[in-house]
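Here are my notes on the helix packing. Please read them with the model open.

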Amino acid sequence: TANVVLNMAFGQHTMAVDTHVFRVGNRTGLAPGNTPLEVELGLERVIPAEFMLHAHHWLILHGRYTCLARKPRCEACLINDLCRWPEKTV
Ligand code: SF4
């Protein structure tokens, strides 16, 4: 929550890792990690500064509507060619 407030209210380049962001970070290979903190630090390392203000929302929405937990919609995923998850369906 603190990271969301810092990001949205104060424009700081923080990354809040919820269940969606954690899953997407791991599946895509963007920021693999065993804990939310590992994924958070990994995402902060690889996401360019100019995208950090909105990256949190993009990752959440991707996890909520495309990279679903039980049945990811890989066939409709815009980054399925880049995703490194061995279990992706395309
Ligand atoms: S290809 Fe599938 S597993 Fe990979 S990010 Fe897209 S929806 Fe998720």
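1. Basis. This is a predicted model: local features need pLDDT of at least 70, side-chain atom pairs count only at pLDDT 80 or more, and totals for chains, interfaces and linings use all residues. Residues are numbered from 1 along each chain as its sequence is written, and side-chain values use heavy atoms, with hydrogens and water left out.

2. Terms for helices. Helices (H or I, at least four residues) and strands (E, at least two) are DSSP runs, numbered from the N terminus. Axes are lines fitted to C-alpha atoms, for helices over the stretch in contact, and angles run from 0 to 180 degrees between N-to-C directions. Two packed helices are described by the angle between their axes and the distance between the axes.

3. α1 and α4. The axes of α1 (residues 2-10) and α4 (residues 52-65) come within 9 Å and cross at roughly 130°. That makes α1 oblique to α4 (under 35 degrees is roughly parallel, over 145 roughly antiparallel, 65 to 115 roughly perpendicular, the rest oblique). On the α1 side, V4, N7 and M8 make the contact (heavy atoms within 4.5 Å); their partners in α4 are M52, L53, H56 and H57. By class, the contact of α1 with α4 has 4 nonpolar, 3 polar and no charged residues. Here Ala, Val, Leu, Ile, Met, Phe, Trp, Tyr, Cys and Pro count as nonpolar, Asp, Glu, Lys and Arg as charged, and the others, Gly among them, as polar.

4. α2 and α4. These axes come within 8 Å and cross at roughly 85°. α2 and α4 are therefore roughly perpendicular to each other. From α2, the contact takes H20, V21, R23 and V24; from α4, it takes H56, L59, I60, H62, G63 and R64. The residues of this contact split into 4 nonpolar, 4 polar and 2 charged.

5. α2 and α3. The axes of α2 and α3 come within 10 Å and cross at roughly 65°. V21, F22, G25 and N26 of α2 meet P36, V39 and L43 of α3. The contact of α2 with α3 has 5 nonpolar, 2 polar and no charged residues.

6. Burial of α2. How many residues of α2 are buried? The count is 7 of 10, and α2 is mostly covered (buried means under 20% relative accessible area, exposed over 50%, partly exposed in between, with a 1.4 Å probe and protein chains only). The buried residues of α2 are H20, V21, R23, V24, G25, R27 and T28. Their cover includes α3 and α4.

7. Core. The largest nonpolar core has 13 residues; M15, V17, V21, V39, L43, I47 and L59 touch the most other members. Such a core is a set of buried Ala, Val, Leu, Ile, Met, Phe, Trp, Tyr and Cys residues joined through side-chain atoms within 4.5 Å. α2 (19-28), α3 (36-46) and α4 each give two or more residues to this core. The largest share, 4 residues, comes from α4. Leaving aside neighbours within four places in sequence, M15 has contacts that include V21, L43, I47, M52 and L59.

8. Q12. This residue lies in the loop between α1 and α2. At 39% relative accessibility, Q12 is partly exposed.

9. T66. The segment after α4 holds T66. T66 is buried, at 15% relative accessible area.
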